[in-house]
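Q: Could you take a close look at the salt bridges here and walk me through where the partners sit?

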Amino acid sequence: MSQERTEGDLRNTGLSLKHDREWDYELDRIIEAVEERDAEKVGLQFPEGLKRRGPAVADDLRENLPDDVTVLLSGQPCYGACDLDTYMMRRTDVFVHFGHSPMKESDKIIYVPLFSNVDVFPIMEQAREEQLADPEEDPDVGLVTTAQHMNKFEEMREWLEERGYTVHTRRGDERLTHEGQVLGCNYASADVDADQMLYVGGGKFHPLGLAMEHPEKHVVIADPVNNVVTVADTEKFMKQRYGAVHRAMDAESWGVIFCTKIGQGRWDKAEEIVENNENAYLITMDEVTPDRLTNFGMDAYVNTGCPRITTDDGPQFKKPMLTPGEYEIAIGEKPLDSLEFDTFHGTW
């Protein structure tokens, strides 16, 4: 059922859907892949915020596919392109991952990034007026965004250049698909020769991580989703992380978590910690939650998986949950002032 378009709606350029027309699910590309591979099973994986859209997308596909093709929905948690349902992937002929850009190219996986069509330029204008230096004073500005806004990236660059700025961008490492893209665990694209960074995108987590990774930079947040301009402030976050480290300093037993998700494993790091600490125990998990860890009864934990488990969910854990770098501080191997944001490099 179609709805009246609003300014914040997201474009649907695929086949006509029966549900909210806010995303381009690229159904035509999926159907073409099914036909080319003579597929019998199609797996669909959505991030948490879009799982409710899954049944309607499956309905549209089933309407356009032969009757003998089965469409499956993944119920596994999904928080990024590193978080693939490998069980489903092995048991389907076509596997579609929605909401993220490719982290590793694969003939088996179809990545549908779900680009946003929100107008980014009014909030960029507000950011220019309120937070960016005048180009006559400092023309250099770094530009970064998330996967959902990469379809507007070149237009953003041109917009800034037309207003007198010299725009600095780069593609980070192999974990990043696009130039200027940042992830919640990787800010290598912000390593540019500019003292001010403009982050265009929703939320504060990505620019907060960027500001932690590059504390010398003035990170301006232009959020077109919530229509606000702010500056990344790491003070509250740093206090939280220092608090977790202090609470862990007296720990006598450590649980070292190795995440079994395909793109999140740092086995060498987990093994190194356990080998050098007789009171550390290696715990393998796919989904790391407070309830699962409570049963182990450790005094503190080290997360070698996705850094966002520690930074986003850290306060929810009943015992201190540290990054590998914070662990080194807690056991006295590094000074307290060496605390930094945990980032993730490489794919799998």
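A: Here's a walk through some of the salt bridges.

This is a predicted model, where local features need pLDDT of at least 70 and side-chain atom pairs count only at pLDDT 80 or more, while totals for chains, interfaces and linings use all residues. Residues are numbered from 1 along each chain as its sequence is written, and side-chain values use heavy atoms, with hydrogens and water left out.

The structure holds 15 salt bridges (a side-chain nitrogen of Lys or Arg within 4 Å of a carboxyl oxygen of Asp or Glu). Let's start with Arg128 and Glu125, whose closest N and O atoms are 2.6 Å apart. Both lie in helix H4 (residues 121–130), three residues apart, about one turn of the helix; helices here are DSSP runs of H or I with at least four residues, and strands are E runs of at least two, numbered from the N terminus. Arg128 counts as partly exposed because its relative accessibility is 26%, and Glu125 is partly exposed too, at 21% (buried means under 20% relative accessible area, exposed over 50%, partly exposed in between, with a 1.4 Å probe and protein chains only). Glu125 and Arg128 also belong to a salt-bridge network with Glu162 and Arg163.

Next up, Glu326 meets Arg241 at 2.7 Å, N to O. That pair links distant parts of the chain, 85 residues apart: Glu326 is in helix H11 (residues 324–330) and Arg241 in helix H7 (residues 235–248). Glu326 and Arg241 are both buried.

Lastly, Lys261 bridges to Glu287, with the closest N and O atoms 3.5 Å apart. This pair also joins distant parts of the chain, 26 residues apart, with Lys261 in the loop between strand E10 (254–259) and helix H8 (267–275), and Glu287 in the loop between strand E11 (280–285) and helix H9 (290–294). Both Lys261 and Glu287 are buried.
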